[in-house]
Amino acid sequence: MPSHDVLIIGAGLAGQRAALEAARSGATVAILSKVHPVRSHSNAAAGGINAALNPDDSWESHAFDTVKGSDYLGDQDAIEIMCREAPGEVLQLEHWGVTFHRNDEGKLGTRAFGGASAARTYYVADITGQALLHVLYEQLMRHHEQVDRYEEWFVTSLLQDDDGRCTGAVARSIKDGRLEVFNAKSTILASGGAGQCFKPTTNALICTGDGIAQAYRLGAKLMDMEMIQYHPTTLAGNGILITEGARGEGAHLYNAEGERFMEKYAPNKMELASRDVVSRAEQTEINEGRGFDDGTVALDITKVPRNRTLEALREIVNIGRDFAGVDITREPIHIKPGCHYIMGGVKTDTNGETNIPGLYAAGEVACVSVHGGNRLGANSLLDTLIFGKRSGAHAAGVANSMAMPAVAHSRVDLEQRWIDSIIARERSGRRVSEIKDELGTMMNSKVAVFRDEEGLQEAKEIVGRLKGEQDAAYIDDRGTVFNQDVLGAIELGYMLDCAECIVTGAIERKESRGAQFRTDFPKRNDDDWLKHIDLSVNGSDAPKISYSPVTITQWEPMERTY
Amino acid sequence: MPEYTLRIRRYQPESGEAAYWEEFGIELDGHRSVLDGILQAKDRQDGSIGIRCSCRAAICGSCGVRINGKPGLACHQHLQEAESSARDGVITVEPMGNMPVVKDLITDMDAVHWKKIRRVTPWLLPEGEPPEREYIVPKESMVDVTQSMACIQCGACVSDCLSMEVDPLFIGPAALAKAYRFVGDPRDGQQYERLKDLAEDPHGIYDCTHCFNCIEACPKGVAPMSQIMRLRRIAGADHGIVDRNNGHRHEQAFVTLVKTGGLLHEAELLPRSYGGDSWFGKFHPKAGAELLDSLPVIAKMLQRRKATPKAILSAHKITDHRKLPRIFDTIEDRDKRVELNLYITQPDDEVPETQEEGETESHGEAASTPPERSPNS
């Protein structure tokens with residue numbers, strides 16, 4: 001049975017960064033992931049990573065942009081930490097070998113990004129996330145003696161002792177179906193977001209909210225769950241992402257009438273306003289009949305010099321060609337807002353600690369909250385690294401002063417019976433895939449860019465019904481080797497828990513802030529709603545709602561214009 | 001909605017039965033991917049179909065398979081394209097080659113691919129302590145290694161590597177491309193050691209046979225074979241590494257023969273590779289030993305009429321071979337070697353308007369020079 005000081009669940013950037021930091025602090029570390037680490041969704045972050053590293057820039061400016069981007073829902077103490085530590089982290093990545101773009105002097109070069117008052121986004125062409133992920137994995141291979149890797153292991157439940165402390169997890173080896181208890185002094189969730197609750201989404205198929213639901217079931221508080229970011233530029237049919245880097249490099253948005261419509265919505269920042277602002281503008285154009293027939297507007301990258309596009313936006317040249325049949329260097333590409341990121345997640349402090357002792361969370365699974373109501377582009381890679389690192393360091397520090405917890409062997413039998421029962425279900429209910437499909441399509445129509453009470457109440461009802469249907473949903477695969485079918489059934493449960501919390505938060509927040517726009521409450525209301533909505537599990541009933549204050553250090557809420 | 005048929009290679013390890021083919025009808029737009037098709041079959045007909053997949057956008061590298069016999073990502077090929085290249089209108093999907101199959105379309109990447117990646121010391125080894133700020137390095141060098149950084153470790157190149165089929169120990173295209181990512185990185189302090197290691201390994205850089213399969217297979221334009229050739233050029237020309245496997249000498253002999261005659265003269269090639277790159281090479285004891293060693297092969301060649309004594313002994317020359325040195329001189333006179341790179345492009349005004357999609361992959365400063373090829377080994 002594996003036993004470690006620190007168990008990390010998820011091996012994207014947050015998880016790998018936590019593992020490296022915990023190992024550097026001398027802890028024994030296990031990192032476990034349901035996919036091979038380089039398959040993680042951090043790959044998809046194309047555009048870059050923000051840091052006020054340039055002498056002309058300042059961390060305060062970065063922090064203010066982030067606070068403003070968050071529509072003042074971000075906790076400013078956490079944002080300050082993130083922006084102060086950003087330059088050091090980018091340099092650390094550079095020293096580890098990330099092939100960051102250079103300027104003519106051979107120093108790190110930047111590009112512009114949305115919602116930022118300076119060009120402070122460091123990047124590797126438009127494969128920044130991929131480059132970072134692969135370089136961190138290089139370091140993980142390098143430190144294989146300190147970090148045990150469990151690749152293709154699927155967590156079924158977190159463990160908790162009688163005192164309420166998290167003591168590790170039960171996981172299933174995907175390759176042979178074996179269940180194992182992973183005993184740990186501290187457990188760090190770094191398993192990413194929940195974008196698959198929506199369809200289409202830019203998120204990978206693995207982003208099923210596992211960690212959010214696992215923590216929630218254990219009693220951890222979730223926060224800001226209603227805040228779902230719609231990215232302004234995604235492909236219509238399949239939701240594939242076109243990086244914000246395109247607009248950062250100078251691409252424009254047009255409606256079907258050829259109008260550069262951002263002039264109306266954000267006359268100063270235009271296409272580089274915050275994502276929530278741009279997505280709403282696009283959706284308004286589409287809803288008011290000025291979009292194309294396929295419900296889209298046009299992103300015109302031909303404004304960017306062609307050689308620059310081929311060097312710096314190579315990946316979206318490929319995406320345009322392969323997934324939309326468009327040569328983006330010669331013609332505009334049709335795009336629309338699409339589900340992209342969840343600002344909410346497991347509530348943590350600035351060391352990644354949750355309200356469950358021994359349980360940490362970092363990256364998209366977590367809500368510190370640095371993104372508040374709306375995340376700025378190129379702040380997510382930063383978030384994963386800074387809070388991954390801090391969680392890893394803190395968890396390792398705690399591990400030094402405590403004994404290995406007692407092992408919960410009996411849980412393996414319980415989990416095994418649960419999995420067997422899913423496999424054995426009669427073919428009387430619906431297919432798992434059908435329920436997943438209905439959930440995603442419904443969420444994308446009722447809990448999207450524009451929301452209202454009526455739609456959200458319908459969403460709540462449908463999620464409730466799907467939760468019921470899920471208990472009888474059947475699968476085909478009866479085997480143990482790579483039984484992805486049974487994992488899909490467990491993931492569906494995670495997704496439904498996440499969806500329920502997203503809808504609950506959206507109904508509760510009766511104002512418009514950041515990504516949450518209520519057509520029935522179209523104004524931001526600081527008097528009543530400058531606060532976080534916390535959700536916690538309440539037996540099998542709807543989540544229990546509580547509130548926590550937003551931490552304000554130096555930036556009082558102001559009107560937000562771009 | 002158009003209909004397609006997928007013929008999927010199934011293998012259920014627990015059934016005790018051999019692998020078999022199974023057909024699934026699907027309904028999807030032709031521009032949706034083969035992966036979308038497989039997922040529809042999985043969702044609607046048989047959830048037990050095994051395939052790794054995640055991003056659907058050719059960045060995570062999970063869904064490497066063979067479609068109609070060609071390796072690639074399932075998410076990266078449209079159904080209509082796949083159907084048009086299918087022999088009988090049925091799109092066949094099977095697991096990648098050169099790796100053991102775990103279940104259906106899932107291969108054991110760790111047993112082969114990742115093991116080879118770990119072989120090349122796949123992390124940066126800078127000299128001394130890092131600077132206070134970033135390393136100052138030429139802009140071009142970072143853009144240059146970004147091409148191998150673009151590798152998503154999908155294994156498509158490994159799948160169809162002919163050398164690996166013959167020599168399973170060959171380090172292989174993906175891992176050697178990864179090696180270039182460090183050799184080409186000016187921040188790395190172990191370039192000579194890395195190159196020496198990869199040249200001296202009998203399964204290293206000289207084990208590639210230039211079949212181009214990896215270049216065709218790569219969905220990201222990494223062109224692994226080109227990276228291997230660059231490793232060879234840097235090892236041989238820049239570091240003067242002459243390996244025990246005679247890889248470098250072989251390459252030199254090859255160039256000399258082509259330069260003088262325009263054609264390969266096989267009977268001269270091996271003596272020169274082993275005995276030294278001149279007409280006298282064949283009198284060197286090492287060349288003699290190699291000749292003795294090769295006698296059975298030579299006998300077999302003669303017997304099977306792959307070669308005749310006359311063809312072996314007479315020099316091979318093309319008619320206008322005297323023009324050849326000019327080509328070589330032009331290339332060798334350049335101050336710097338010109339290397340093709342995906343990310344380095346020429347200024348806008350030089351882009352020919354009629355350029356086709358496929359060519360954008362390899363154009364650049366080097367577009368006017370012949371495609372990068374080293375002599376065969």
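A cavity is a set of grid points where a 1.4 Å probe fits but cannot get out. The model shown in these views is predicted.

**View 1. The second largest cavity of the structure.** This cavity has a volume of about 180 Å³. It is lined by 19 residues. Nearest its centre lie A:A44, A:L241, A:I319, B:A57 and B:I59. Twelve lining residues are nonpolar, five polar and two charged. Helix 10 of chain A gives the most to this lining, with three residues.

**View 2. Helix 10 of chain A (residues 314–324).** Ten of its eleven residues are buried, so the helix is largely enclosed by the rest of the structure. The buried residues are A:R314, A:E315, A:I316, A:V317, A:N318, A:I319, A:G320, A:R321, A:D322 and A:F323. Their cover includes helix 6 (245–248), helix 9 (306–312) and strand 14 (333–342) of chain A. Just after the helix, A:G325 takes a positive phi of about 65°.

**View 3. The largest cavity.** About 700 Å³ of space lies in this cavity. Its lining comprises 49 residues, and A:H41, A:S42, A:G192, A:G193 and A:E364 are the closest to its centre. Two or more lining residues each come from helix 1 (13–24), strand 2 (29–33), strand 7 (153–160), helix 5 (210–218), strand 14 and helix 11 (380–399) of chain A. By class, 22 residues of the lining are nonpolar, 21 polar and six charged.

**View 4. Cavities across the whole structure.** A search finds twelve cavities of 30 Å³ or more.

Methods: Residues numbered from 1 in each chain as written. Chains lettered and ligands numbered in written order. Predicted model: local features only at pLDDT ≥ 70, side-chain atom pairs only at ≥ 80, totals over all residues. Heavy atoms only, no water. Buried < 20%, exposed > 50% of the residue type's maximum accessible area, 1.4 Å probe, protein only. Helix = DSSP H or I, 4+ residues; strand = E, 2+ residues; numbered from the N terminus. Contact = heavy atoms within 4.5 Å. 1 Å grid on protein atoms, 1.4 Å probe; cavity = no way out; pocket = protein on both sides within 12 Å on 5 of 7 lines; lining within 4 Å. Points joined across faces, edges and corners; volume = space filled by probe spheres on them. Nonpolar A, V, L, I, M, F, W, Y, C, P; charged D, E, K, R; others polar.
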